[in-house]
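Please look at the sequence and structure before reading on.

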Amino acid sequence: MSEDKINATENIKNEKKKRIFSGIQPSGTLTLGNYIGAIRNFLLLSGEYDCLYCVVDEHAITVRQVPAELRRHTYETLAIYIACGLSPEENILFIQSHVHQHAELSWILGCYAMFGELSRMTQFKDKSANNSENINAGLFTYPVLMAADILLYQADLVPVGIDQKQHLELARTIAERFNGIYGDTFVVPDGYIPEVGMKIMSLAEPTKKMSKSDTNVNGYVAILDEPDTIIRKFRRAVTDSDSTVRYAEGKDGINNLMSIYSSFTGKSYNEIESEFEGKGYGDFKTAVGETVSDGLKPIRTEFNRLMTDKSYLESVMKQGAEQAGRLAERTLKKVQKKLGFVLLK
Ligand code: TRP
């Protein structure tokens, strides 16, 4: 093939950018774990792919929510996306319940997901164990709605934390099963699970995942925490009784701080070890706290500004819902037709 021809083929290939879908629940304060594990990857991928980032309010109601808080958290989660640098011009940012096709496709896919498969989801088992007074059917079919989110947009790649890997695999199984019966319908999505910072641990109990539902507020850093709060939480971080800053098995606290520091500075573990050679844990914890606090400052400022401009946020929601709705409708119609539903013109 001549060089021109190769270039031409390359160009055609590049024209259709791969598509990304991901979502975050508006169920409370977003933490450093959400930032490093999710939003920052959304940002990294944003230039290279066609991205849809969703606020998944329908997932949030699998756990009882206070309506006014759910509403506020929905605005806040969208504001955090934008404040972190995801521009609504370059990405489709939207709210799940604004696009009715999610719930419709979810019903359909539920008929292609097996009871046994859903019963094996570890998150369902954990959540129902911790929430024994409200083991509702939505909690059980949660991964089906997640599959609908992804498959509606024919997403190629889904950035998620390691805790969502099993759900993503189920989405692939459902897509393959459907394609097997009805012919090519859905893109079978791949997960994008980052290595570094894939799991940010609690600062108070570094063997547990950092979580906003932690009863100990020193365990997590919220994206919107004030600088002195952030620094104080890092200074109190639980570490081991050794005193050299190095990444090693069993040093969960230090390993966690190193992975946080690495994801903010781009330094490798070796570089961090040399930087803090001969220094104690105290210096290291302060350095991590200050780095994180400085890194989050512009986000907090922009977030506060956005939250005073509800009408702007609503205009973003509206635009996102229209863009996402158009794509979603295309897939839903295709699915309904394959199933044998009567489509009216
Ligand atoms: N279940 C995901 C979580 O709790 C959120 C989510 C819902 C999601 N739908 C999604 C993530 C689709 C990726 C793709 O983190």
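The model is predicted.

## Ligand contacts

The ligand has 13 residues around it, and Gln25, Tyr142, Met146, Asp149 and Gln164 are the ones that come nearest. Polar side-chain atoms reach the ligand from Tyr142, where the distance to a ligand nitrogen atom is 2.7 Å, and from Gln164, where a polar side-chain atom is 3.0 Å from a ligand nitrogen atom. Gln25 places a polar side-chain atom 3.3 Å from an oxygen atom of the ligand.

Taken alone, the ligand exposes 370 Å², and the protein buries 88% of that area.

## The shell around the ligand

Which elements give two or more residues to the shell around the ligand? They are β1, spanning 19-24, and α8, spanning 137-152. The largest share comes from α8, with four residues.

By class, the shell holds seven nonpolar residues, five polar residues and one charged residue.

## The largest pocket

The ligand takes up the space of the largest pocket. This pocket has a volume of about 1,700 Å³. Its lining is made of 49 residues, and those nearest the pocket centre are Gln123, Asp163, Gln164, Lys209 and Lys212.

Two or more lining residues come from each of β1, α2 (32-46), α3 (57-60), α7 (122-130), α8 and β4 (157-159). How does the pocket lining divide by class, and how many of its residues are charged? The lining has 17 nonpolar, 22 polar and 10 charged residues.

## The largest cavity

The count of cavities of 30 Å³ or more is one. The largest cavity holds about 50 Å³ of space. The residues that line this cavity are Met121, Gln123, Phe124, Lys127, Leu139, Tyr142, Pro143 and His167. In the cavity lining, α7 and α8 supply at least two residues each. By class, the cavity lining divides into five nonpolar, two polar and one charged.

Tyr142 lines the cavity and has a polar side-chain atom 2.7 Å from a nitrogen atom of the ligand.

Terms used: Residues numbered from 1 in each chain as written. Predicted model: local features only at pLDDT ≥ 70, side-chain atom pairs only at ≥ 80, totals over all residues. Heavy atoms only, no water. Near = heavy atom within 4 Å. Polar contact = N/O pair within 3.5 Å; in protein donor to acceptor, adjacent residues only side chain to side chain. Areas by Shrake-Rupley, 256 points an atom, 1.4 Å probe, with all protein chains shown as cover. 1 Å grid on protein atoms, 1.4 Å probe; cavity = no way out; pocket = protein on both sides within 12 Å on 5 of 7 lines; lining within 4 Å. Sits in = over half its atoms within 2 Å of the grid points. Nonpolar A, V, L, I, M, F, W, Y, C, P; charged D, E, K, R; others polar. Points joined across faces, edges and corners; volume = space filled by probe spheres on them.
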